[in-house]
Amino acid sequence: GRRASRISSGIFGTWDKFEQYGGGQGEGLRVRKAKNLKDGEFFEQLVRYIVAGEPLSEEMDAAVRGVLDKDGRSLDSVLGSLREQHRRSVAAKEEIARKEEELAMLNAKFKSTRVGELRGLFDDLERTNAELRQQMTELETQNAAIADQLSSIMDQIRKVVGVPPVGHVTLCFSDVQGSTSQWEMHSEVMEKALALHNEAIRRCIDSMGGYEVKTEGDAFMVAFDSPLQAVKWALVVQDTLLEVDWPPEAYLHADAAEETDADGRLLWRGLRVRIGLHCGEPTCRPDAITGRMDYFGKMVNK
């Protein structure tokens with residue numbers, strides 16, 4: 001009967017990213033970001049819009065409407081639906097709190113009553129406990145649905161406005177195999193091939209919601225807030241490189257030649273790219289010159 005005390009604070013039970021919305025009647029609502037909140041400014045604006053009806057900034061409003069318009073959905077209908085789900089979640093939590101108070105009163109009465117009255121009280125306790133468990137299950141389901149929808153919207157917004165991931169991130173480092181000898185063998189061909197390589201890598205970054213940190217030579221540093229998304233990106237890159245229309249002369253080098261397996265399936269074709277991934281919580285700091293987010297610390301150098 002005390003499981004409600006373990007429900008994650010705020011409306012996001014599955015994410016545990018926000019603390020309780022505070023203040024009594026007339027004081028309004030406030031949102032306090034957790035220390036590891038990703039995309040804090042954009043995410044907080046969405047929550048304030050849903051919970052308190054506060055208007056979005058012009059940049060955020062344009063980004064959200066641009067994403068939803070592509071899917072044929074309206075901003076008011078999507079976020080209005082989320083606001084209604086949140087209202088039901090709050091109402092469910094209030095009902096849970098009332099049931100807990102009722103349980104406490106029944107327990108107190110249970111301890112002070114006579115033995116002959118215990119069975120009726122026990123039945124009341126069982127019934128109230130069953131109702132409480134059902135309501136908590138419904139609340140958790142509603143919170144999970146809200147979290148999933150907000151996560152989907154934030155992923156799409158990140159693709160539009162290029163929000164860099166912070167907190168726990170997955171960093172990806174790519175490198176062209178044998179690039180030095182290929183430059184020495186035919187620099188003009190390699191120049192064309194590298195341009196095609198860069199275009200393919202960036203197209204994959206955009207499609208998978210990654211954040212291009214920087215490049216160095218033929219190497220890319222890319223950040224994701226999801227390890228799974230980072231792995232998907234690495235696989236998509238390999239498939240995409242097989243479809244690039246490389247200069248015919250590029251295949252003359254051993255590290256760019258076509259290669260198939262025993263069953264004739266294509267394994268390599270054109271520039272071969274190695275990709276390493278690592279997860280952790282680096283120091284996040286914008287570059288003083290480019291203004292883009294950069295990452296530092298032990299997890300970056302491993």
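**Exercise 1. Find where Gly210 sits, and list what surrounds it.**

Step 1. Start with the secondary structure: Gly210 falls in the loop that joins α6 to β2. Helices (H or I, at least four residues) and strands (E, at least two) are DSSP runs, numbered from the N terminus.

Step 2. Now look for contacts, meaning heavy atoms within 4.5 Å. If you skip neighbours within four places in sequence, Gly210 is in contact with Ile205, Val222, Ala223 and Phe224.

Step 3. Check the residue just after α6: Gly209 has a positive phi of about 75°.

A word on what you're looking at: this is a predicted model, where local features need pLDDT of at least 70 and side-chain atom pairs count only at pLDDT 80 or more, while totals for chains, interfaces and linings use all residues. Residues are numbered from 1 along each chain as its sequence is written, and side-chain values use heavy atoms, with hydrogens and water left out.

**Exercise 2. Check the length of helix α6, then list its buried residues.**

Step 1. Helix α6 covers residues 187-208, which makes 22 residues.

Step 2. The expected span is 1.5 Å times one less than the number of residues. For α6 that should give 32 Å, and the end C-alpha atoms are 31 Å apart, so the two agree.

Step 3. Buried means under 20% relative accessible area, exposed over 50%, and partly exposed in between (1.4 Å probe, protein chains only). In α6 the buried residues are Val189, Met190, Ala193, Leu194, His197, Asn198, Ala200, Ile201, Cys204, Ile205 and Met208.

Step 4. Keep the helix geometry in mind as you read that list: an α-helix has 3.6 residues a turn, so residues three or four places apart point the same way.

**Exercise 3. Work out the strand order of the sheet that α6 packs on.**

Step 1. Two strands pair if DSSP finds at least two bridges between them. Here 4 strands make an open sheet, ordered β2-β3-β1-β6, with antiparallel pairing.

Step 2. Find the edges: β2 (211-216) and β6 (273-280) each pair on one side only.

Step 3. For angles, axes are lines fitted to C-alpha atoms (for helices, over the stretch in contact), and angles run from 0 to 180 degrees between N-to-C directions. With direction ignored, neighbouring strands of this sheet are turned by 20° against each other on average.

Step 4. Zoom in on β1 (residues 169-176), which pairs with β6 over 8 bridges in the antiparallel sense. Cys172 has Leu277 of β6 as its bridge partner.

**Exercise 4. Is strand β1 largely enclosed or open?**

Step 1. Count the buried residues: 6 of the 8 in β1 are buried, so β1 is largely enclosed by the rest of the structure.

Step 2. Look to one side: Ser174 stands opposite Ile275 in β6.

Step 3. Look to β3: β1 pairs with β3 in the antiparallel sense over 4 bridges, and Thr170 stands opposite Phe224.

**Exercise 5. Which residues touch the most other members of the largest nonpolar core?**

Step 1. A nonpolar core is a set of buried Ala, Val, Leu, Ile, Met, Phe, Trp, Tyr and Cys residues joined through side-chain atoms within 4.5 Å.

Step 2. The largest core has 21 residues, and Val222, Phe224 and Trp233 touch the most other members. The elements giving two or more residues to this core are β1, α6, β3 and α7. The largest share, 7 residues, comes from α6.

Step 3. Apart from this core lies another one, of 10 residues, among them Tyr211, Val213, Met221 and Val300.

Step 4. Finish with α7, whose buried residues are Ala230, Trp233, Ala234, Val237, Thr240, Leu241 and Leu242. These buried residues pack against β1, α6, β3, β5 (266-268) and β6.
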